[in-house]
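The report below describes selected strands, helices and residues of one protein model. Please keep the sequence and the structure in view while reading.

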Amino acid sequence: MVELKTDTSIDEMYTAGQVVGRALTAVRKAADVGVSLLELDEVAREVLRAAGATSPFLGYRPSFAPVPFPAVICASVNDAIVHGIPTGYRLHDGDLVSIDCGAELGGWAGDSAISFTVGGARPADARLIETAERALAAGIDAAVVGNRIGDIAHAIGTVCRAAGYGIPDGFGGHGIGRKMHEDPGVPNEGRPGRGMPLRHGMVLAIEPMLIASGKDGYHAAPDGWTLRTNDGSRAAHVEHTVAITDAGPRILTAREAL
């Protein structure tokens, strides 16, 4: 069941989304060679605490997970696509890092992700991240009243495949509102004109995931959470929470440029 949010509720979701944006900005600024993933998690925790927000990630345990998630960010490095658990791993020059973060405030959730490199960036990594961001922008542009879920999926998939990248099957975006994960699902590849019609008041987390090698294969790491590429190639993940409105898509997790 899809809940249509009122304009007031969307404004409240924007407030939650801005906490997520600030957390990601703070984590990005703190990320440097020698900084541990656990230290980045603590940076995000402090932003949430200061805002009076809680984390929808911390303690989350879907059916596939062997243990509840122990952190407020997912920190996925290099060949990790999504759901990486923060550890004592210290960042190296050239690492490709994807950070996913959520916040709950006033009964509403926000969810967003960024990818970036630490220190010197490989040209291939820079292209991968830039393409992920273009795919996200294309998906958001398609998130308009009168379109369908398939139009978002098609827009994302077209950008990814045209650049030669893989897309992990079965993982994509989702509805969001009172809970972090709600209906409908938002695939990262699909046929235009198919799926649920987009209506004013729907709020979606749109999140492209790209695999550099062009292959789609992935597997779960021994921790039961982290998804890694089968061939060891690098991956990127970006995401925004977006409201569908009669005036066009509204990005609720927009953040300051770095």
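In which sense do E2 and strand E10 (residues 227-229) pair, and over how many bridges? E2 and E10 pair in the antiparallel sense, over two bridges. This is a predicted model, in which local features need pLDDT of at least 70 and side-chain atom pairs count only at pLDDT 80 or more, while totals for chains, interfaces and linings use all residues. Residues are numbered from 1 along each chain as its sequence is written, and side-chain values use heavy atoms, with hydrogens and water left out.

**Strands E2, E10 and E9**

Strands (E, at least two residues) and helices (H or I, at least four) are DSSP runs numbered from the N terminus, and two strands pair if DSSP finds at least two bridges between them. An open sheet of three strands runs in the order E2-E10-E9, with antiparallel pairing. Strand E2 (80-82) and strand E9 (218-220) stand at its edges with a single partner strand each, so one side of each is left without a neighbour in the sheet. From one strand to the next the twist averages 40°, an angle that, like the others here, runs from 0 to 180 degrees between N-to-C directions of axes fitted to C-alpha atoms, for helices over the stretch in contact. Within this sheet, Ala80 has Arg228 in E10 as its bridge partner.

| Partner of E12 | Sense | Bridges | Residue pair |
|---|---|---|---|
| Strand E13 (residues 250-251) | antiparallel | two | Ala243 and Arg250 |

The hairpin of E12 and E13 has six residues between the strands, and in this hairpin Gly248 takes a positive phi near 115°.

**Two buried residues**

Val238 counts as buried because its relative accessibility is 4%. Val238 lies 33 residues from Ala205 in sequence, yet their C-alpha atoms are 10 Å apart in space. Not counting residues up to four places away in sequence, Val238 touches (heavy atoms within 4.5 Å) several residues, among them Ile114, Leu136, Ile206 and Glu207.

His174, in strand E5 (residues 173-175), also counts as buried, because its relative accessibility is 7%. The side chain of His174 reaches the backbone oxygen of Met180 at 3.0 Å. A polar contact of 3.3 Å joins the side chains of His174 and Glu207; such a contact is a pair of N or O atoms within 3.5 Å, where within protein one must be able to donate a hydrogen and the other to accept it, and residues adjacent in sequence count only if both atoms are side-chain atoms. The residues that His174 touches include Asp111, His181, Ala205 and Glu239.

**Helices H3 and H4**

Helix H3 (residues 123-141) and helix H4 (residues 149-162) pack with their axes 8 Å apart, at an angle of about 155°. That makes H3 roughly antiparallel to H4, a description used for angles over 145 degrees. The contact is made by Thr131, Arg134, Ala135, Ala138 and Gly139 of H3 together with Ile152, Ala155, Ile156, Val159 and Cys160 of H4.

Note on methods
Buried < 20%, exposed > 50% of the residue type's maximum accessible area, 1.4 Å probe, protein only. Parallel < 35°, antiparallel > 145°, perpendicular 65-115°, else oblique.
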